[in-house]
Amino acid sequence: MFRRKEAEEDPAHIVKRHIELDDDVLGKFRTIIEMCENAYRGLRKGFSECVYEEALCIELQERNIHYTRQETIPCMYKSRFVGNIRLDIILQSWCSFIFELKATGSSIQTDERWQLVRYMSRKEVPYGAVVNFNQGLTKDLEISFIITQDDGYYIYDLETQEGRRLRDA
């Protein structure tokens, strides 16, 4: 069976660029961070993903942000149905955004980012985040924003306003 070895990320091949988002979007990203922090602080460690999802939905409701959770999207291959994918939360108003939630003991992985990218692509949503309500002993809440640009998908750093391009090896 063919297996592609996960390549080490060579610093020379990392494509970074300054990405300027408007202040409204940046403000909404900060609100998203605040909502996730509230849910994590209120619950702490030790719960499954669905418990954190419910807490995040309460945060959204308190801000009157409309959303859909556990939306099923058909997956096609060569025009044939091959299964369904299910995204955790998609915002219906306020900001076009998808949440992919995790509750694991490890850091956010590349495959989890690609999972979010596939959801964003199928729903034509420009913004999303993988949120890990981390269960590790020395780890805390982790949020990885993904944004769509003309030339691809980027892991976005709010502080530096830089994006690091996600590469499909």
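Predicted model: local features only at pLDDT ≥ 70, side-chain atom pairs only at ≥ 80, totals over all residues.
1. **Main core.** The largest nonpolar core holds 31 residues. Leu21, Phe29, Phe97, Phe99 and Tyr156 touch the most other members. Two helices, H1 (23–43) and H2 (49–62), each give two or more residues to this core. So do the strands S3 (80–91), S4 (97–102), S5 (127–132), S6 (142–149) and S7 (152–157). H1 supplies the largest share, 8 residues.

2. **Second core.** A separate core of 17 residues is also present. Its members include Ile108, Val117, Val130 and Tyr153.

3. **Aromatic pairs.** The whole structure contains 10 aromatic pairs. Take Phe29 and Tyr127 to begin with. Their ring centres are 5.4 Å apart and their planes meet at 85°, so the pair is edge-to-face. Phe29 sits in helix H1 and Tyr127 in strand S5, so this pair ties together parts that are 98 residues apart in sequence. Both residues are buried.

4. **Phe29 again, with Tyr156.** Here the ring centres lie 6.4 Å apart, with the planes at 70°. An angle over 60 degrees counts as edge-to-face, so the pair of Phe29 and Tyr156 gets that label.

5. **Ring cluster.** Ring pairs join Phe29, Phe97, Phe99, Tyr127, Phe145 and Tyr156 into a cluster.

6. **Burial of the Phe29–Tyr156 pair.** The threshold for buried is under 20% relative accessible area. Phe29 has 0% relative accessibility, so Phe29 counts as buried. Tyr156 has 4%, so Tyr156 counts as buried too.

7. **Surroundings of Tyr156.** Neighbours within four places in sequence are set aside here. Tyr156 is then in contact with Ile19, Leu21, Leu26, Phe29, Phe145, Ile147, Gln161, Glu162 and Gly163. In the strand pairing, Tyr156 stands opposite Gly163 in S8.

8. **Helix H1: length.** H1 has 21 residues. At 1.5 Å a residue, H1 should span 30 Å. The C-alpha atoms at its ends are 30 Å apart, so the two values agree.

9. **Helix H1: buried face and ends.** The buried residues of H1 are Val25, Leu26, Lys28, Phe29, Ile32, Met35, Cys36, Ala39 and Tyr40. Lys28 is on that list. The cover over these residues includes H2, S4, S5, S6 and S7. At the N-terminal end, Asp22 caps H1. A side-chain oxygen of Asp22 lies 3.1 Å from the backbone nitrogen of Asp24. After H1 comes Arg44, which has a positive phi near 65°.

10. **Strand S8 and its partners.** S8 (residues 162–165) pairs with S1 (residues 16–18) in the antiparallel sense, over 3 bridges. Within that pairing, His18 stands opposite Glu162. S8 also pairs with S7, again antiparallel, over 4 bridges. The hairpin of S7 and S8 has 4 residues between the strands. In that hairpin Gln161 takes a positive phi near 55°. Gln161 is also one of the contacts of Tyr156.

Notes
Residues numbered from 1 in each chain as written. Heavy atoms only, no water. Core = buried A, V, L, I, M, F, W, Y, C linked by side-chain atoms within 4.5 Å. Buried < 20%, exposed > 50% of the residue type's maximum accessible area, 1.4 Å probe, protein only. Contact = heavy atoms within 4.5 Å. Phe/Tyr/Trp six-rings, centres within 6.5 Å; stacked < 30°, edge-to-face > 60°. Expected span 1.5 Å × (residues − 1). Polar contact = N/O pair within 3.5 Å; in protein donor to acceptor, adjacent residues only side chain to side chain. Pairing = 2+ DSSP bridges.
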